[in-house]
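I opened the model to look up its pockets, sheets and helix contacts. My notes follow in the order I took them.

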Amino acid sequence: MIELDPRAGKPLYEQLYEALANEIRTEQRPAGTPLPGRRTMAGELGVSVNTVDAAYQMLAAEGLARARPRSGFYVQETGGMLRPAPPPTPEPAAAPAAPAARYDLSTGSIDTALFPARSWGRIQRELLYQAPELLQRGEAQGDADLRTQIAAYLAAYRGVACTPDQVVVGAGIEYLLGCLAHLFQGAVAAVENPGYARSRMVLENNGIPCRLVNIDAQGLPPAGLAASGAGLCYLTPSHHFPTGVTMPAPRRAQLLAWAAEAEGRYILEDDYDSEFRFTTRPLPSLQGMAGPDGPVVYLTTFSKSLAPGIRIACMVLPRPLLARYRRDFALYSNTVSRFEQQTLCRFMAGGTFTRHINRMRLTYKRRMESFAAALRRELGPRLSLGGTHSGLHFLLTLPGAGGEAAMVQAAAAESVHLRGLSDYYMAHRDACPPDTVVAGYAALRSEDIPAVARALGRAWAAH
């Protein structure tokens, strides 16, 4: 018996369709049997013939019934494949999440208050109303005028030697690394240890085996690179993550010599945090030392200079790789919204981006100095800080505080979130300097600095 309810808030033809579909799926109406005539069904249910016809047409469209000319509708054979799926098994209740720490000293956050919302929003509004052509598909490598601005900026501030046609814009370093992994299929990559585990994961997930090479006081050592047997090398020479080591020029020259020794060797240079150097001007990029067609792929992102949520990054390909990239990715669409691309383009063209970076650099420098001074007051002469010359985090070492794990736990008890340096070691954790944690200060509000320093002083005072 089928019952329809006019008060159910659902059209009667949908109610009838669902009832009949359930009967067919559960084989209450066997395959090949006729459905009641439309007038007969309408009379039995007290509805219009159109209501019944709409329900029957829905059954036919779904393949549950078939119309025979001058004969009516018949139940279609489903082979039991269209039976309703069993309801999903509920997952066990998750343990309640730990309350969020009051103070976040992680390395992945930024101060969102520094985002140039007014300028960025004004440009986007103008584009939305004045440039409807941006709704169309753009160039695969990114809009040409944005690539022109990026090439000019990288040449002026990072010594990158390239033309706009060598620039590829993409939605984040991870996406671009995935593209590069395709170009380097069959290669083995050497990566820094400690280092950025996400980049290693991206390469390995895309079929590039990774060999870990322990860094020294000058970064990745050529001897370790040669011993790895790798033909590809991923590194962060301008500001090593997470130690903050800046690779000196002689070491850079040695790595470039390694790449030049054999055909097909390449260095992937991730210019991590290069905008935020507080003491001296940064060394030119490895790519600039190698030249526009040298064995270096340059990668950088606007995540820290703008915001992580604005997924804009770029890479600079030497021309031999560029030809292969264009061949293999010719049919791909660019992964960054053209409105975002053009907003950044205008932001850079008008000089606003450079002024924004200068303001951020000064703000973060003052924040770092204030935080370092507050920590020294609270923690005393045992404290040593490393990597304060650049980037948005530093290493904090405090002998006698109970060891790294105890330091992290005690800080968490005071509602301060940070990580130990050993978390960034993907192997050979015994080589990690003891009693050392990684303290990011980008998201730390200036007014909270004294409170955070006091909280860490309380956390580590017992030892």
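How much space lies in the second largest pocket? I noted about 290 Å³ for this pocket. The model is a predicted one.

**Second largest pocket**

I listed 21 residues in the lining of this pocket. Nearest its centre lie Tyr-153, Tyr-157, Ser-274, Glu-275 and Arg-361. I then looked up which elements give two or more residues to the lining, and found helix H5 (144-158), S9 and helix H13 (352-379). The largest share comes from H13, with 5 residues. By kind, the lining residues of the second largest pocket divide into 8 nonpolar, 7 polar and 6 charged.

**Largest pocket**

I went on to the largest pocket, which holds about 650 Å³ of space. Its lining has 26 residues, and Gly-108, Tyr-196, Arg-198, Tyr-272 and Lys-304 are the ones nearest the centre. Helix H6 (173-183), helix H7 (197-205) and strand S9 (296-301) each give two or more residues to this lining. I wrote down the division of the lining as 8 nonpolar, 8 polar and 10 charged.

I followed S9 into its sheet. The sheet is open and has 7 strands, in the order S4-S10-S9-S8-S7-S5-S6, with mixed pairing. Which strands stand at the edges? I found strand S4 (167-170) and strand S6 (210-214) there; each has a single partner strand, so one side of each is left without a neighbour in the sheet. On average, neighbouring strands of this sheet are turned by 20 degrees against each other, direction ignored.

I checked one pair in detail. Strand S8 (residues 266-270) and S9 run parallel and are joined by 4 bridges. In this pair, Leu-268 stands opposite Val-297 of S9. Helix H5 lies across S4, S9 and strand S10 (313-316), and runs at about 110 degrees to S4.

Strand S12 (residues 393-397) and strand S15 (residues 436-440) pair over 5 bridges in the antiparallel sense. I looked up the bridge partner of Leu-395 and found Val-438 in S15.

**A hairpin**

How many residues lie between S1 and S2 in their hairpin? I counted 3. Arg-70 is in the turn and has a positive phi of about 60 degrees. Strand S1 (residues 65-68) and strand S2 (residues 72-75) pair in the antiparallel sense over 4 bridges. Opposite Ala-67 I found Phe-73 of S2.

**Two packed helices**

My last entry is on a helix pair. Two packed helices are described by the angle and the distance between their axes. For helix H2 (residues 38-45) and helix H3 (residues 49-62) I noted an angle of about 115 degrees, with the axes 8 Å apart. The crossing of H2 and H3 is right-handed. H2 makes the contact with Arg-38, Arg-39, Met-41 and Ala-42, and H3 with Val-49, Val-52, Asp-53 and Tyr-56. I recorded these contact residues as 5 nonpolar, no polar and 3 charged.

Notes:
Residues numbered from 1 in each chain as written. Predicted model: local features only at pLDDT ≥ 70, side-chain atom pairs only at ≥ 80, totals over all residues. Heavy atoms only, no water. Axes fitted to C-alpha atoms, helices over the stretch in contact; angles between N-to-C directions. Left-handed = near helix turned anticlockwise from the far one by under 90°. Contact = heavy atoms within 4.5 Å. Nonpolar A, V, L, I, M, F, W, Y, C, P; charged D, E, K, R; others polar. 1 Å grid on protein atoms, 1.4 Å probe; cavity = no way out; pocket = protein on both sides within 12 Å on 5 of 7 lines; lining within 4 Å. Points joined across faces, edges and corners; volume = space filled by probe spheres on them. Pairing = 2+ DSSP bridges.
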